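Thanks for coming. I will go through one structure today, starting with helix packing and ending with the aromatic side chains.

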Amino acid sequence: MSTCEHPSAKGRASRGRVPIVVTGIAVMLGAAGCGNATSSPATGSARLAAEQVLHINSFFQPPSFDPGRDPGAFGPSALIRQYVEPLLGLTADAKGVRGAAAQSYEVSSDGLTYTFHLRSDGRYNDGQPVKAQDFVYGWRRLLDPRLAAPLADTFSLVRGAGELAALDPKADAAKIGLQLTTLGLAAPDDLTFRVTLAYAAPYFKFIAAIPAGAPIRQDVVEKYGFDRWASKPETLVTNGPFRVAERVTGQSVTLVRNPYFRQQPRLATIVAYQLSGSNVGVAWNKYLNNEIDISNGPPGNSVVQALSDPVLGKQVLQYDEPSESWLTFNTKKAPFDNPKVRLAFTEAIDRRAYVQDFSRNLVEPLSGLIPRGIPGYDRRVGTAESFNPDRAKALLASSGVAPSTLAGIHILTRNFTSKDTQFVQDQIQRNLGVTMTIDAVEDASTQLSRGNFQVYGPDYAYGAAYPDPRLFMDQFLTGSTTTSTGWSDPGYDRLVRQADATTDSARRLFLYQQAEEMLLAQAPVAVFSQTKRLFWIKPWVKGIVSSPFDDADFPGDLFVGDIYIAQH
Amino acid sequence: MARTLPRTLTRGTTGYVLRRIAWLLPVLLVVIVVTFALMHLAPGSPWDRGLQDVRQQNTPLTSTTVRNLNEKFGLDLPWWQQLLRYLGNAVRGDFGVSYRFQDQQVRDIIAEAIPQTFVIGALAFAMVLVAGTGLGVLAALRHNTAVDHLVTGLATLIASVPNFVVGILLIVVLSVDLNRLTRGSFFLPDGGFGLDQHLVLPVLTLSLMPLAFIARLTRGSVLEVLRQDHVRTARAKGITERRVVLRHILRNAMVPIVTFLGPLFAYLVTGAVVVEALFQIPGLGGQFVDAVTYRDYPMILGTTVVYAAVISVANLVVDLVYVVVDPRMRPG
């Protein structure tokens with residue numbers, strides 16, 4: 001038995017939060033998740049303002065307020081997360097899980113069955129109790145091909161979900177209903193929800209924390225429509241700390257407290273404006289004019305100015321994000337079909353110079369595949385492949401690649417003014433004496449998917465949806481469509497697949513690290529940098545407990561109950 | 001003026017109006033077919049945005065999810081079936097479900113957006129009408145004075161600057177700089193959050209260019225009327241200058257301006273696309289731009305149809321006004 005407390009648990013304990021109790025295998029992984037969270041510059045004790053209203057901007061507008069149709073696991077779900085509560089939540093250090101709609105869970109010894117014990121005081125915003133049957137219905141609906149849920153694949157490790165996913169919503173319509181009843185989902189009683197997996201997956205606890213897996217009431221869906229029940233605030237019956245009070249499509253969403261939620265948040269209202277992502281300047285102006293309380297900062301180079309501003313500089317909150325960018329080599333095309341050439345290029349780039357000179361400190365250098373903040377990160381991994389121009393030259397010389405082949409290398413980019421690509425071009429020229437031509441194209445994604453490139457980037461490559469190294473490692477499994485390297489290694493596949501299913505956390509991380517070293521030694525990509533979150537927060541916004549898996553516009557949204565507005 | 005219309009004119013005009021209204025249907029049909037074809041010919045799919053990660057960047061959806069989405073929204077059907085289905089539904093007023101806001105009907109989103117666009121358009125229209133004609137009359141009555149030179153000079157300057165430049169300048173000066181200078185005690189918000197004081201800058205931005213145009217048009221028209229015999233006669237009769245201006249000058253000078261009001265209204269409604277995007281106003285223009293960005297086919301079609309209808313109706317009104325004010329345009 002293990003207890004994992006949130007860093008600010010002392011203050012919240014008085015408000016009755018029950019710490020999660022886990023047993024079995026989850027003890028080891030869950031206990032590792034206790035640590036310190038990043039706090040905003042605005043934390044500290046302060047008197048509450050009379051009006052507890054937080055104004056934020058949310059660039060991401062959910063395609064549907066139906067949690068089952070959410071296209072993002074954590075980051076983009078900020079709004080949805082405020083009005084639904086899944087079984088579990090992430091801990092503040094984003095390494096483990098804590099209780100949410102379930103106060104505890106058990107894992108069977110074979111790692112296949114998860115039994116969640118729901119809180120007895122869980123309530124929807126219409127006062128009805130949350131029942132295990134609502135989770136069964138919600139998860140069945142999520143996996144139903146007729147919903148076409150973007151995250152159905154993430155939940156497809158539930159027993160029977162693979163067979164269900166194979167059914168065509170039109171051609172196999174008659175079979176879907178029957179298949180839904182055979183899924184490994186059960187509710188032995190009102191407060192027990194049992195999930196049986198098709199295979200052991202120690203990361204399942206993180207999937208149980210995704211808002212898409214929130215409970216959904218069958219009576220509500222049947223009354224208002226399978227696809228329409230979440231279209232209006234008055235029909236959106238959910239179990240989170242807030243409820244949607246008003247929604248103006250494309251303009252704003254207003255959330256107010258769910259009066260039946262067991263622990264009332266300090267904020268009475270959250271107003272999330274939905275300014276378009278293409279117009280960062282408008283959001284920044286609204287921050288300067290005190291119309292919104294949190295901003296991602298000004299566009300372009302004004303960030304540097306805002307960081308050094310005597311007033312604005314004190315409103316900054318910055319922390320690592322579990323996402324990274326890399327340079328992609330096409331291992332199917334010369335000269336990058338030669339691992340020595342790939343390694344030479346990887347080691348010829350000075351990432352520290354890039355961070356200092358070009359990135360305005362919005363990224364950190366990274367050499368390994370698993371970034372900081374994700375279990376398994378080891379700062380020593382990848383150092384052998386980091387900047388070493390002498391070794392890079394020696395590697396290139398020993399590669400046996402003809403100088404004529406090296407003379408005609410093209411580097412693909414989607415950004416016509418990409419300083420990043422120009423930086424790489426300059427580094428390769430300076431440290432390897434190889435001249436590359438930059439091809440800036442609009443349809444870079446198409447060219448990548450067709451393999452019509454030699455080297456691409458560096459570009460934002462991947463951001464983890466939850467804190468598990470498999471998300472990064474699985475990208476390079478044979479057959480993965482998320483990278484365009486064409487690289488494949490049976491040994492790597494074997495190690496990663498073994499690690500994916502291993503329930504012993506230490507053994508699992510060891511296997512991932514072995515696989516990571518194997519990959520870095522062959523360099524299908526040159527890992528470049530890790531992204532950082534950067535926010536400006538008004539001094540009167542207090543109690544932000546940030547997490548790498550926060551929404552990209554809303555720091556502290558995983559622990560929104562702690563946020564309050566101080567008198568100002 | 002209407003009192004003097006002969007009965008034959010009203011009969012002929014009714015037939016003319018009905019014919020023009022009947023022509024709206026094929027116009028809208030062509031607009032739908034062309035828009036439908038362009039949307040589907042453009043590379044990419046509505047599902048390209050895929051899954052969103054922590055940075056709200058995209059990773060591709062699985063092929064199974066794409067298949068399910070295509071079947072759910074009818075994109076698995078041949079293009080001609082999709083078009084016929086759309087037309088059949090559109091006739092019943094059903095413009096489908098948005099791909100971007102998948103639990104919202106396109107008609108509901110448009111119904112929410114139209115007031116934003118029309119309020120801004122109507123306020124800009126009123127401002128253009130009052131300020132534009134006022135300045136034009138003032139400049140004409142003070143012909144070749146400093147006032148005239150100031151009005152014509154400013155009008156020329158404003159008419160030659162695109163509204164997105166004007167908008168950005170207004171935001172910088174009246175919102176950001178004013179806020180800084182007054183330490184937050186007075187400034188104009190830069191739009192986007194509601195139909196209140198947030199409207200000031202967008203309405204100013206939208207109206208300045210047509211205002212300048214109307215001012216110049218009015219000035220020219222008034223100057224022309226000023227030189228006519230009936231004005232000289234009115235003054236010779238000893239009528240007060242105020243009465244001469246209002247009854248004898250303005251009334252006649254308004255004819256070319258009135259005929260311009262239809263295209264002006266259409267411009268203010270459709271021209272709001274840039275202003276709405278700049279000020280983040282979720283009106284029809286903002287929805288249209290976002291729909292194109294997101295390849296939200298039903299929203300693209302819905303907003304285009306509304307725009308086409310607005311422009312067609314505005315043109316119809318203009319033609320009818322012509323019929324009333326210009327005897328040469330009367331049917332029959």
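The crossing of α18(A) and α19(A) is left-handed, where left-handed means that the near helix is turned anticlockwise from the far one by less than a right angle, and right-handed means clockwise. Before going on, some conventions: this is a predicted model, in which local features need pLDDT of at least 70 and side-chain atom pairs count only at pLDDT 80 or more, while totals for chains, interfaces and linings use all residues. Residues are numbered from 1 along each chain as its sequence is written, chains are lettered from A and ligands numbered from 1 in the order in which they are written, and side-chain values use heavy atoms, with hydrogens and water left out.

Back to that helix pair in chain A. Helix α18 covers residues 490-501 and helix α19 covers residues 505-522; they pack at an angle of about 160 degrees, with their axes 8 Å apart. Helices here are DSSP runs of H or I with at least four residues, strands are runs of E with at least two, and both are numbered from the N terminus. Axes are lines fitted to C-alpha atoms, for helices over the stretch in contact, and angles run from 0 to 180 degrees between N-to-C directions. α18(A) and α19(A) are therefore roughly antiparallel to each other; the classes are roughly parallel under 35 degrees, roughly antiparallel over 145, roughly perpendicular from 65 to 115, and oblique for the rest.

Which residues of α18(A) meet α19(A)? On the α18(A) side they include A:Tyr492, A:Leu495, A:Val496 and A:Ala499, and on the α19(A) side they include A:Leu511, A:Tyr512, A:Ala515 and A:Met518. Contact means heavy atoms within 4.5 Å.

Chain A as a whole has 19 helices and 23 strands. Of its 568 residues, 61% are buried, with buried meaning under 20% relative accessible area, exposed over 50%, and partly exposed in between, for a 1.4 Å probe and protein chains only. Among contacts in chain A with a separation of 6 or more, 71% are between residues 24 or more positions apart.

One residue as an example: A:Gln447 lies in helix α16, residues 444-450 of chain A. Is A:Gln447 buried or exposed? At 16% relative accessibility, A:Gln447 counts as buried. Setting aside neighbours within four places in sequence, A:Gln447 is in contact with A:Leu412, A:Val441, A:Asn452 and A:Phe453.

Now chain B. Chain B has 12 helices and 2 strands, in the order α-β-β-α-α-α-α-α-α-α-α-α-α-α along the sequence. The C-alpha trace of chain B spans about 85 × 65 × 30 Å along its principal axes. Buried residues make up 46% of the 332 residues in chain B. For contacts in chain B with a separation of 6 or more, the share from residues 24 or more positions apart is 72%.

Helix α4(B) has two packing partners to show. With helix α9, residues 241-270 of chain B, α4(B) packs at about 145 degrees, the axes being 10 Å apart. That crossing is right-handed. The contact involves, among others, B:Phe118, B:Phe125 and B:Leu129 of α4(B) and B:Met254, B:Ile257 and B:Leu261 of α9(B). B:Met254 is partly exposed, with a relative accessible area of 23%.

B:Ile109, B:Ile110, B:Ala113, B:Ile114 and B:Thr117 in α4(B) meet B:Leu284, B:Gly285 and B:Gln287 in α11(B). B:Val289, also found in helix α11 of chain B, counts as partly exposed at 29% relative accessibility.

Last, the aromatics. How many aromatic pairs are there over all chains? The search of the whole structure finds 32. One of them is B:Trp47 with B:Tyr99, a tilted pair at 5.2 Å centre to centre and 40 degrees between the planes. B:Trp47 lies in the loop between α1 and β1 and B:Tyr99 in the loop between α3 and α4 of chain B, so the pair ties together parts 52 residues apart in sequence. Rings of Phe, Tyr and Trp (its six-membered ring) pair if their centres lie within 6.5 Å, and planes under 30 degrees apart count as stacked, over 60 as edge-to-face and the rest as tilted. Both B:Trp47 and B:Tyr99 are buried.

Finally, A:Arg247 has its charged end over the ring of A:Phe65, 4.0 Å from its centre; the criterion is NZ of Lys or CZ of Arg within 6 Å of the ring centre and within 35 degrees of the ring normal.
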